[in-house]
Amino acid sequence: MAITGAADLLATWEAGLAEAPTGRALLLHRTARPDVDATTLPVLPVGEREADLFALRRALFGERMQVRLACTACGEDMEFDLDAGEFARSLDGPADSLVRVEQDGWDVRFRLPGVADLTAAARTADPRAALLARCLVSAARDGADVAAGELPAPVQRRIAEAVESADPGADVTLNIACPECGAATRAELDIASYLWTELDAWARDLLLDVHLLATSYGWSEPEILALSPLRRRYYLELCADV
């Protein structure tokens, strides 16, 4: 993954301001995977997207992630650090986008869901059935083809288990013990939302830097963004000393 420049990151942030969270997540994924066609990204396995976003987060903001949760038992605020590198290593994308289930004469091939599949299924009256229909590649019983609606509950459960095993990074859940009461709090780590919050704070800080340097030196935004972060900080310190 190539490191994105400040101007490109600002453009991503600006475009994301008008987007819903799903659109912002897609913009971040495009930044993380410029080598992949934009139409392909929404159908990649969810775990692969999460791994890509963790890699982008490390490239932009480093290994340390600060997380804050409220204890579900006593309400105490809990703050702790996570290692983005450890998450990235544990969330390598699935080796294969297809899973196969063979059970009691059934032979089923199922595509690992992508974000587009989950989003479309969530809009239906029966999301589980819709997801099954979208991602089912083939299903046969004793050699005879069958439709998604004909799969019995035990086979459907076996498919869900196979998908979870093949793509564990699709659901990143934290389990944190409260230092006050000792109760465990479970919470999903939404890396797309976390990364967007960081990008938003970074962009607003950078625009303030641009304003201060443009006011002091008369430089244009492209000229200021072309400076390295170290040189920008040095010039800002000189402005403060004046």
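Colleague: In which helix is Gly16 found?

Modeller: This is a predicted model, and Gly16 is found in helix 1, which covers residues 6-16.

Colleague: Is Gly16 buried or exposed?

Modeller: The class follows from the relative accessible area, and under 20% counts as buried. Gly16 has a relative accessible area of 0%, so this residue is buried.

Colleague: Which residues does Gly16 touch, leaving out those up to four places away in sequence?

Modeller: Gly16 touches Arg24, Leu27 and Trp196. For a distance in space, take Gly16 and Pro179: they are 163 residues apart in sequence, and their C-alpha atoms are 37 Å apart.

Colleague: Now a residue in a loop. Where is Asp190, and what is its relative accessibility?

Modeller: Asp190 sits in the loop between strand 8 and helix 8 (191-217). Its relative accessibility is 36%, so Asp190 counts as partly exposed. Asp190 and Leu208 are 18 residues apart in sequence and 28 Å apart in space, C-alpha to C-alpha.

Colleague: On to strands. How do the side chains along strand 8 point?

Modeller: In strand 8 (residues 184-188) they alternate between two faces.

Colleague: In which sense do strand 7 and strand 8 pair, and over how many bridges?

Modeller: Strand 7 (residues 173-177) and strand 8 pair in the antiparallel sense, over 5 bridges. As one example, Ala177 has Ala184 in strand 8 as its bridge partner. This hairpin has 6 residues between the strands, and Gly182 takes a positive phi near 85° there.

Colleague: What is the strand order in the open sheet of 4 strands?

Modeller: The order is 3-4-5-6, with antiparallel pairing. Strand 3 and strand 6 (144-145) have a single partner strand each, so they stand at the edges and one side of each lacks a neighbour in the sheet.

Colleague: How many bridges join strand 4 to strand 5, and how many join strand 5 to strand 6?

Modeller: Strand 4 and strand 5 run antiparallel and are joined by 5 bridges. Strand 5 and strand 6 are also antiparallel, over 2 bridges. The hairpin of strand 5 and strand 6 has 2 residues between the strands, and Asp142 takes a positive phi near 55°.

Colleague: Next, the helices. Which residues of helix 6 are buried, and what covers them?

Modeller: In helix 6 the residues Ala130, Leu131, Leu132 and Cys135 are buried. Their cover includes strand 4, helix 5 (115-122), strand 5 (136-141) and helix 7.

Colleague: What span should helix 7 have, and how far apart are its end C-alpha atoms?

Modeller: Helix 7 has 14 residues (153-166), so at 1.5 Å a residue it should span 20 Å; the end C-alpha atoms are 20 Å apart, which agrees.

Colleague: Which residues of helix 7 are buried?

Modeller: The buried residues of helix 7 are Val155, Ile159, Ala162 and Val163. They lie on the same side of the helix, because they cover an arc of only 100° around the axis. The general idea is that an α-helix has 3.6 residues a turn, so residues three or four places apart point the same way. The face of helix 7 turned away from the buried side carries the exposed residues Arg157, Glu164 and Ser165.

Colleague: What do the buried residues of helix 7 pack against?

Modeller: They pack against strand 3 (98-103), strand 4 (106-111) and helix 6 (127-135).

Colleague: Last, the whole chain. What radius of gyration does the protein have, and what would a compact globule have?

Modeller: A compact globule of 242 residues would have a radius of gyration near 18 Å, whereas the protein has 23 Å. The C-alpha trace spans about 80 × 50 × 30 Å along its principal axes. The protein has 10 helices and 8 strands, and buried residues make up 38% of its 242 residues. Among contacts with a separation of 6 or more, 59% are between residues 24 or more positions apart.

Technical notes:
Residues numbered from 1 in each chain as written. Predicted model: local features only at pLDDT ≥ 70, side-chain atom pairs only at ≥ 80, totals over all residues. Heavy atoms only, no water. Expected span 1.5 Å × (residues − 1). Buried < 20%, exposed > 50% of the residue type's maximum accessible area, 1.4 Å probe, protein only. Arc of directions from axis to C-beta. Contact = heavy atoms within 4.5 Å. Rg over C-alpha atoms; globule rule 2.2 N^0.38 Å. Pairing = 2+ DSSP bridges.
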